[in-house]
Amino acid sequence: MHEFIRNAWYPLAWNRDVDRSLVSRRVIGEDLVVYRTSDGQVAALRDVCPHRLLPLSKGRLRDDDAIECGYHGVTFDSRGACVRVPLQEKPPAAMRVRAYPTHQSMGMWWVWMGEPEKADTSKVFSLPQYSAAGWSYVEGDSLHMKANYLNLADNLCDPTHVAFVHLTTLSNVQSGDIPVHFDSKGSEVVTWRWVMDSPLIPIFQGLKAFDGNVDRWHFYHYLAPCVAYIDFGSALTGTGAPDGNRGDCIQMFACHFITPVDHDTCVQHWLCIKNIPADAGQDRKLIEGLRMAFNEDKRILEAIQENEAKLPDVKPVKIALDASNTRMRRIVDQMLAAEAAEAAVAVPAAATPAATAVAA
Amino acid sequence: MHEFIRNAWYPLAWNRDVDRSLVSRRVIGEDLVVYRTSDGQVAALRDVCPHRLLPLSKGRLRDDDAIECGYHGVTFDSRGACVRVPLQEKPPAAMRVRAYPTHQSMGMWWVWMGEPEKADTSKVFSLPQYSAAGWSYVEGDSLHMKANYLNLADNLCDPTHVAFVHLTTLSNVQSGDIPVHFDSKGSEVVTWRWVMDSPLIPIFQGLKAFDGNVDRWHFYHYLAPCVAYIDFGSALTGTGAPDGNRGDCIQMFACHFITPVDHDTCVQHWLCIKNIPADAGQDRKLIEGLRMAFNEDKRILEAIQENEAKLPDVKPVKIALDASNTRMRRIVDQMLAAEAAEAAVAVPAAATPAATAVAA
Amino acid sequence: MHEFIRNAWYPLAWNRDVDRSLVSRRVIGEDLVVYRTSDGQVAALRDVCPHRLLPLSKGRLRDDDAIECGYHGVTFDSRGACVRVPLQEKPPAAMRVRAYPTHQSMGMWWVWMGEPEKADTSKVFSLPQYSAAGWSYVEGDSLHMKANYLNLADNLCDPTHVAFVHLTTLSNVQSGDIPVHFDSKGSEVVTWRWVMDSPLIPIFQGLKAFDGNVDRWHFYHYLAPCVAYIDFGSALTGTGAPDGNRGDCIQMFACHFITPVDHDTCVQHWLCIKNIPADAGQDRKLIEGLRMAFNEDKRILEAIQENEAKLPDVKPVKIALDASNTRMRRIVDQMLAAEAAEAAVAVPAAATPAATAVAA
């Protein structure tokens, strides 16, 4: 069984961060060379020249979107086919590089790491509010974290940590013991809690005036393996927000796209959609507040990762609030098991090729 | 057999270095969170929250001396008992943290890493001169060293290296071939030599005027596994110092408390007691001289550690002057073997618990 | 079978870089302490005191060329014999250090890492042009590279990479597809190509005026395991250079002496001999140009080394231009196999000593 689910769309890079330079990005343990093609799309090839293993990202991008290896000029087009080997007429059959399907959604380029024929762009995550009228968004960072991606996933199924980790940004101290609920369906787990009759949380202050305390909701949606969005908002207490009456409220969707890099590292790409018009000053303040909050998580998750490496034999002691992230991890395990079972059927034992690991 | 003796008082931290902040310190491979309690004592808990393995030192110290974990607010009192798990009434039985007995002596807080019922504070090292009339002391550093603690222990059973390592501080060049003697009793090894009719050593200069050369003694006491004190002094030649007549002399006790951190690292906490009144200028100079000397040892011991790691198959060639440190290492081995034998009797094979490694 | 050929002269240090200070240098995985002796020669001893494994380079060089260990004063002469152990009359038999034969040639001190009785100084590499009339040379760097030495050796059997790696220094872009030839004899592989009727390469510009394009030759000589020299030059097109008529030409010998440090690291010592008189300004410019070129190689070779470590199962896909470096590697393998076979005959199975690894 692999450590990572392969048949999934993983976040690769913000559209704003891709141009004609060759950049190396690691996704589920594989290095990809990523670049903008002439038609405005994004190409992702395995970042290894099969000839001598030089990363293709050390090479040169030609005008026709092919990459010329920086050592001997072996050249591959954006689909990974070899189009030139200097000093010989025809490339050897094994001289090809795996290309990965990509797709853009919500300002993010996603990459399909599994079997190419299963890549279905309609399955790439997309939230309608991203481009709906009355909504705006701020695009955040690509936060590198020395933490296993599932530890970050735990964090994104978990409204309860907010009262202890994010006192200055996302929480009020009194929310520690308010009940949490969860449910799951398919690959999605939703965990939520309502905090009734409470002051505005720090990062909402100044965005909208309320005439008194608010009722706050926090719905953590996790779509295994690598997408989370947190629907959180506030409406004036007593106006029926829990019953769906949220005409006059602040609502935000904090979206988190997680790239598992390798066992110990991940990247948290985040953006925040809101039912508040774009405003340069407020938006900058919102980004700063969220950046501070997600760095608070990073500090915690990196310290846990260090201790997990030091203490491989210590099993965590479960408590009641672990229920939803335990469910999420079970879903991930089931997805991995299903892939392993399928792979066992698909590959006849004798047919595994030996020397084509770099190729498709 | 473990690498480290467990039933021992190990130096943890200078009293001056402990306050209400949560600090992590590693002793014989275990991370402890250390802090001052309200009653002026020092608490030491295993630095791991059993819930998700976050170090407790990343949490918050409450006014009642309990630590609230920085991730989900699971809270432990200074004895390691869990007093709160948010969102549930009663903590699970396994939710407890090991607490370690501590005791202060000679300005140092010591921690007992073994079976709690064997912790006997009367066994903590103490030298009467530390608080005796006519004596004063300077408290030195906590010198971190990338060296196995037994290599440092070798050094502290060994007057002979002084002539080669400490020419500018503790030695005169001509002492290289003066005979060395040793004896041992229980867990203590004493190694000594007299240097007769010799000039004062550099760090003694200016402390007392002698009308000619001196007779110097150097008695290295090592108390396995982690305490050394070096009784060294000088009296005017011909006044009978070797026969016990030391009425008019300089005498110092350089005390070394060693914390084994892990296989490759230790901390050398040192202080120096002397039969000379406190004097700000002289004391500062003495600290500087000793600091220079112990850093001379550190340079040697770290280079040896690197070579030991590179050359695991090379066995040192023994020479005559190795006799006392060989004895010291045999004592350590016997202590380890005794603990292993006792553990084999104490734990019935089927009763080892599987998932309580973080707990007491 | 060892990783490295032992019976070979390896480059150790430029003569300019050796004096009376004790310097540690690693050659084929062994640390040597290197210093100038009173007679102007260079001594190389294993850099480990057998007593406690302190590097001898941390000790003190005595006027009589013996090294006194910095810990306990055990002392070795420049042939590795122990001449003093403090506190005992006679050193133990095992107290000796391996000394390595050295020899100077072309400004470089070479060290023999194999069986001492096979060290033949007449086999040390030497090029007659180094000291011939009408020739001058520039002595370059000792370039440290995080790359296996055989990957650097590949590079020095390979005129074809020049068109892709060294566009600004050693090449013109159009040479990519010009045929390459090679031949081998004994431990030498020669790989060459002619570039006819072409402009001067960048680093030749300004050295000599030609009335038009030139014919360029590039002969890469590789002498396994660790010496390369590249005979490259240019003569006016149509004057018969390929037929041996090179009366009026620029000719250089770029010499590369490779020290394998360990599996992942090597040092490339280089110098350049030329049929052009010494000239401070031109020579400085030549050094700068070559330095830039060899750093271009370093960038490539270090990136390959990283990928090889990440992808231990990926086998390079061979292409036509690999023929000569494949031959070179086969020669190295044959030399290793021959040494292994000889060792198997020489050492009777029961006679291997256990504790003399530091000694001769």
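1. Residues 9–111 of chain A are 0% helix and 39% strand in this predicted model. UniProt, in an unreviewed entry, lists residues 9–111 of chain A as "domain: Rieske".

2. On the extent of the interface: 33 residues of chain A contact 28 residues of chain B. About 2,600 Å² is buried between chain A and chain B, and carbon and sulfur atoms give 63% of that area. In chain A, the residues that lose the most area to chain B are Phe164(A), Val317(A) and Ile319(A). Together they account for 24% of what that side buries.

3. On polar links: twelve residue pairs are in polar contact between chain A and chain B, both residues at pLDDT 80 or more. Three salt bridges are found across this interface. Asp322(A) forms a salt bridge with Arg52(B), with the closest N and O atoms 2.6 Å apart.

4. On the elements involved: helices H1 (149–155), H2 (162–165) and H3 (280–310) of chain A each give two or more residues to the side that touches chain B. H3(A) gives the most, with eight residues. By class, this side of chain A has 16 nonpolar, seven polar and ten charged residues.

Key. Residues numbered from 1 in each chain as written. Chains lettered and ligands numbered in written order. Predicted model: local features only at pLDDT ≥ 70, side-chain atom pairs only at ≥ 80, totals over all residues. Heavy atoms only, no water. UniProt positions renumbered as here; feature names shortened; annotations may be inferred. Helix = DSSP H or I, 4+ residues; strand = E, 2+ residues; numbered from the N terminus. Contact = heavy atoms within 4.5 Å. Buried area = accessible area lost by both parts, 1.4 Å probe. Salt bridge = Lys/Arg side-chain N within 4 Å of Asp/Glu carboxyl O. Polar contact = N/O pair within 3.5 Å; in protein donor to acceptor, adjacent residues only side chain to side chain. Nonpolar A, V, L, I, M, F, W, Y, C, P; charged D, E, K, R; others polar.
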